[in-house]
Every structure is written in structure tokens, then in C-alpha cells.
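This report looks at salt bridges and at the parts of the chain that they join. Please keep the sequence and the model in view while reading.

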Amino acid sequence: MSDTRRRVKVYTLNEDRQWDDRGTGHVSSTYVEELKGMSLLVRAESDGSLLLESKINPNTAYQKQQDTLIVWSEAENYDLALSFQEKAGCDEIWEKICQVQGKDPSVEVTQDLIDESEEERFEEMPETSHLIDLPTCELNKLEEIADLITSVLSSPIRREKLALALENEGYIKKLLQLFRACENLENTEGLHHLYEIIRGILFLNKATLFEVMFSDECIMDVVGCLEYDPALAQPKRHREFLTKTAKFKEVIPITDSELRQKIHQTYRVQYIQDIILPTPSVFEENFLSTLTSFIFFNKVEIVSMLQEDEKFLSEVFAQLTDEATDDDKRRELVNFFKEFCAFSQTLQPQNRDAFFKTLAKLGILPALEIVMGMDDLQVRSAATDIFSYLVEFSPSMVREFVMQEAQQSDDDILLINVVIEQMICDTDPELGGAVQLMGLLRTLIDPENMLATTNKTEKSEFLNFFYNHCMHVLTAPLLTNTSEDKCEKDNIVGSNKNNTICPGALRFMRRIIGLKDEFYNRYITKGNLFEPVINALLDNGTRYNLLNSAVIELFEFIRVEDIKSLTAHIVENFYKALESIEYVQTFKGLKTKYEQEKDRQNQKLNSVPSILRSNRFRRDAKALEEDEEMWFNEDEEEEGKAVVAPVEKSKPEDDFPDSYEKFMETKKAKESEDKENLPKRTSPGGFKFTFSHSASAANGTNSANSKSVVAQTPPASSNGSSSKTTNLATSVTATKGSLVGLVDYPDDEEEDEEEETSPRKRPRLGS
């Protein structure tokens, strides 16, 4: 019992005058030797750590609010609050505080809030020794009362004394009786004075007075007083709005009368703060801090009470997903959840975490899937707001639900596909809903906020799921607007160069290239997707417009960032068409980069021993087979020098194929046939292989046949002697041409001829 009674939440007031939750624990009062006095200690209920250690200072002003709150200032600009789970616990600690300060526990404030300047100013005034004397509460005294209340607002000590006087004499209820009398008598002057009086009492910023003013008995009369602003020609009709226009709808009957009263009170007080009271000036901005705190703690209490009532929430979810529920009822249920989630934003992160986990457990996401697909615009809008709260709280939770759902449902009814369809089909000319959904979708597929743990890689799992199950829904409108026969994204550029789609397609391609991801680069080159871009540039002619600038910037980015694979693709396939463009140096710069990279690759090949080249440029199965072919070709002799035998001495025997000798013997019979299959040039810089391994790999032929080029060179004798090979240079050159990562260049022909006439000596790798 004592644990529950002393269970508290610790709050601190931040710079924005908002309460931050520091944790939940159990409070006690005990003597602390280090602080040399009785102190309040709060230990966390989770791990027993110390959340609060505060000495009860005899001169500190403690305030008791709403029966379950104790608020005080620990130091300048550092306010603390303890929110008790039970009133009994609050009363117990309050008695301890009053005992230390020698106060009667029946008071709501233990000390007057006095700063040094005020104490000096009023120390000689007789008012400091007793409460402020209030005029009698009569109609002819209203002006005097208004002047008194207005005059004390600039003085903290006088505000405190006036608040105590108003509370002790039950003055507020007497003022509200006068308000009813003035309204019946149509006494406009008296009503204007009452406006100033009630407004001034609110600016006293006292929670004890708020509890009286915002009670069910008084709050509507308080609102009535605030209707008669002297600055207005006609009074406002706030009471009419609150009683007739604003209707409290119980989507599910709330049986807890305290909860219902708290909801009514919070709504009305929020209305007073947001609608009725004028925006406070710079000098008045702190006058209503307690009013803000009053609303804050009310909302926290409402969310907690609803969250703990699982029967109520379960019934709400059941009706929301029931097909028999009529549209009006479902609209009310969705709006309830929207407001419920909005209230939850007042919670601190750990409490909000528990709140959304409760909603997820009860099935909020399947329910949203149903209502987001409805025709009712208001329902969809409210459901989108709820979905945004969930995505903002935990994108991972939403992703996990969607991937689990995919195992049981068709793609068309997946929650994320429903979101995409709503984004695409937004009827709002301003696309307000579409923009909101687009932001949520971007958050969900953003790799930066995806988890990667030892047991779970969310990034690869979810992105793989998204591309398999959702991408076709997202791209459907794009593909519909392109050619029926051509669905590649960049064909839009070529077919729509004069409309607004073309710049959009270019931006899309530019964004992809900007990622500098070789996966996308290979896709672009494989699909020849630069062709429509270059065609659009050439068709644009000499016109200097947006299209021209966008295309030039695209190629300039490739040049500056030195994206080698794209540079090679562009120069090899399109340079002849682009070399005439001289008003920018972009394309000449690409050619220069290309030639520099070619020279570097040649230098690397020349400087690396032939036997070590077999491990270079190994990227896929095709490349592995081509590398193996080059390994066989280059392990031959040149100018009577054996390379195979020395290598066998310097490298482990198991680095070579186990059946190498047997394999070579079986190939001797085909030597004459292989010599006829020498590579023939079909164009400058290109070869046509009749025996190449890459061709056979593509056609799925036997790998033994594809390696017949080895038979061009007789195997070296064991003593190191060898015979000269006339086809070595050609076969090596052919193999180089087939390597992944190397490119055949037009000027290779001259180098090949030089190699045929004067082959260089290979370094010996063995002793």
C-alpha cells in the first residue's frame, strides 16, 4: 500500500516553460547528512537510481496543486514538481514539508514568493504583515476591485497576498454571483469591470485559484465574464459555442465520472487559453505558465486513465474495424483516436513509448489499413494524421507490421500500398494530403533510420520487400504516361523533351547518378539509358534553355566526380556525336579522363607479373572464367624462357588445377584446330572470338572446350627448356580484351602489332 501511495513522477520545467518528465519512482523524506537537513528523495522504480535529492529548505515556497501535485523552485529558473499517483501520498509528504517549515498542513502555499528587490521595497509597508484587505463584494465596488487587482500584477509579493485573500474569503464565487446580477440588469459598465477582474485573477497564475474558477460550478460564469471585453463593441458568444456548437461525443460510453469531468474541464480551459485570452505581451508571457501546466497535467492524466482502461480501448478498436459500423460512427471513432494521439504528444518519450505500444498491441495498424481506404475524405485525413504519429514514433514498428502482413495478404491491400494509392489519387489541387503521405513514405524507405543488428538486417529485408511488393504500385502512373512499349525511366527524356516531364526525368536520373553507386551505374550502361538523354541534347540544337543546362550539368557531374564506369561508357559509345560541342569543355574533359584512366590501367598491367593478374577485375562468374583463360595464356614462355616450371617452384602446388597435366595432354590433339581459331578483328579496337571463353560462358557451352586456347602453346619441359610461340601476343591481347573492367581502345591495334613483332620478356618468378 505504501509503495503505491508514494509512487510519483518527477518533472522539471524547461526553458520553453514545458514540463519534462524525469522518471517514475517512490518518494520518501529522510535526514541526509551531506545536506544537513530533512530532504525529499525519489528513487527510480526501475533500477533504484536516485532521481531526486532535494533538501526541504525552510525558506522555500512549496505549493500544493490539484491534491496530487507539489511544485517548488529549487533555484533560480529551476522549477520542480512531484506528481503523486494517490492523494494520500501527496498529503503525507506535504505534512512532512509543513512540519519542517512550521506551517499548518491545511495551507496550499508554505511561503510567500518574495525576491530580494520586492522584500526591500515593501519591508516598511504595513501590508506585508497581513493579507490585502479586499473591498466588499458589491456592484458599486467593482471599479475599486478592478483597480486593486490590476495594480498588484507588477508585484510578486502583492500577487501572492491577493491570491491568499481571494482564496480564504471565497471571493471568486461572490464575484461570479455579481456577474449574474449584472447580466440580468444589463449593467454593461459592471460587466466590463468584471472582465478586468477575472482576467487579472487569471494572471495571478495561482493553481489554487484555477481549481475554483475551472470547477463545473464556476467555469461557465468565468467564460461569461470574459465575453465582455471593453475593447469590443459587442460581446462574444463563447458560452453559446461551448454549450451548443461544441458537442462532447462519447464514441464509447465513459463510465468513469472523474475521467469525463477531466475531459470537459481540459477542453474548456484550453479554449480559454487559446481563444478567449488575448496573446500575452512580452511582460505577461510568464503570467499564465501555471495555466499551461494545469492543462499539461490534465492531458497526461487523461491519457493515462484511458490507456489503463483496456476494456474501453478494445471496444473502440472492435467497432472501428467492424464492417457493420456505420460511416458516421466510424468517423467519430477515427477522430477520437486522432485527438487521443495528439494528447499523447504531451507525454515524455518513455511514456509515449508505452502508449504507442499499447495501441500497436490492440491493433491500430490493421484498423488504419481499413479506414485509409474509405471514400470519406474526413476519415482518410484523420487516419493519415494518426499514421503520421505512428511513423514519427517508430518507423521500424510500421515496417515490421507491413512485412508480416505481406505473408498473409495480396499486394493490393497492403497498408503501404494503400498509402501509395492515396498519395497518387489525392484530389486536392494543392496536393496537401499527397505531400504529407509522400513525407511519411520517404521516412519509411529511408535507409538512414533502418536498424542493422546481428540477428536482423532491416535495411536489406524491408527494401527487398518494398521493391518486390510496392514498387510496381509507386511507378504505375509514371509508366502509364510513357510509351506502351518502352518502360525505361529515361525514355521519357527522348519522347517528351518539349514538356514538363523531360526535366523531371532528368532530375530523376541525376539523383540516381548522384548516389555514385556502381549497381545503378551498371544498370544505366547495360540499358544504354544515356542514349535518349544525348538524343534530347542533340535535338535541342543550339538553344540555351533548361534542358540544355540540365544535361550539361549531368555530364559535368560525371566528369568532376570521375565516375570511371560511366565515363568509359559515354566516351566509347557517344563521343563522336558529342565532340562537336565546344561551347563547354565537359565532353573533352570526359575524353581526357578516359584516356588518363586507360594509361593507368595499361601501366598497371605492364608492371604486374603475369601470374598475379589472374586475381584482378574478378567481379562475376563470367569474369572468373575469363581470368582463368588469361592465366593459362600468360603462363607460357617468351623467347625461349619458361615461366610455368619456375612458377611451380615458387607457388604451392595446390594453387594450380589438380588435373592440369592430364588436361594439357588431352588438348594436344586439338592443337592444330585451335591454331585456326585465332581472334579476328571486326572493327578497330574490337575482336570477334571464335574460341573465347566469355562467348562460351554466355552460351552455356562446356568449359573444357572454351579453354582450347591453351593448346596454342606446347607445355614447357620439366628442365626449363621451351619452344617459341608465335601466337602468344595475339592470344594474350585477346584475353585482355575480354576482361571485365578493361576496355578495348582504338589505338590498341598499334600496340598489338608492336607486341607481335617484338614481344617483351616476362620476368621470371622462380629461381
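Arg6 and Glu92 form a salt bridge, with their closest N and O atoms 2.2 Å apart. The term means a side-chain nitrogen of Lys or Arg within 4 Å of a carboxyl oxygen of Asp or Glu. This is a predicted model, in which local features need pLDDT of at least 70 and side-chain atom pairs count only at pLDDT 80 or more, while totals for chains, interfaces and linings use all residues. Residues are numbered from 1 along each chain as its sequence is written, and side-chain values use heavy atoms, with hydrogens and water left out.

By the salt-bridge rule, the count is 24.

| Pair | Closest N to O |
|---|---|
| Arg6 and Glu92 | 2.2 Å |
| Arg7 and Glu45 | 3.0 Å |

Helices (H or I, at least four residues) and strands (E, at least two) are DSSP runs, numbered from the N terminus. Arg7 is partly exposed, at a relative accessible area of 31%, and Glu45 is partly exposed too, at 40%. On this scale, buried means under 20% relative accessible area, exposed over 50%, and partly exposed in between (1.4 Å probe, protein chains only).

Asp91 is in helix α2 and Lys64 in strand β5 (residues 62-65), 27 residues apart. Lys64 is buried, with a relative accessible area of 10%. Lys64, Lys87 and Asp91 are linked in a network of salt bridges.
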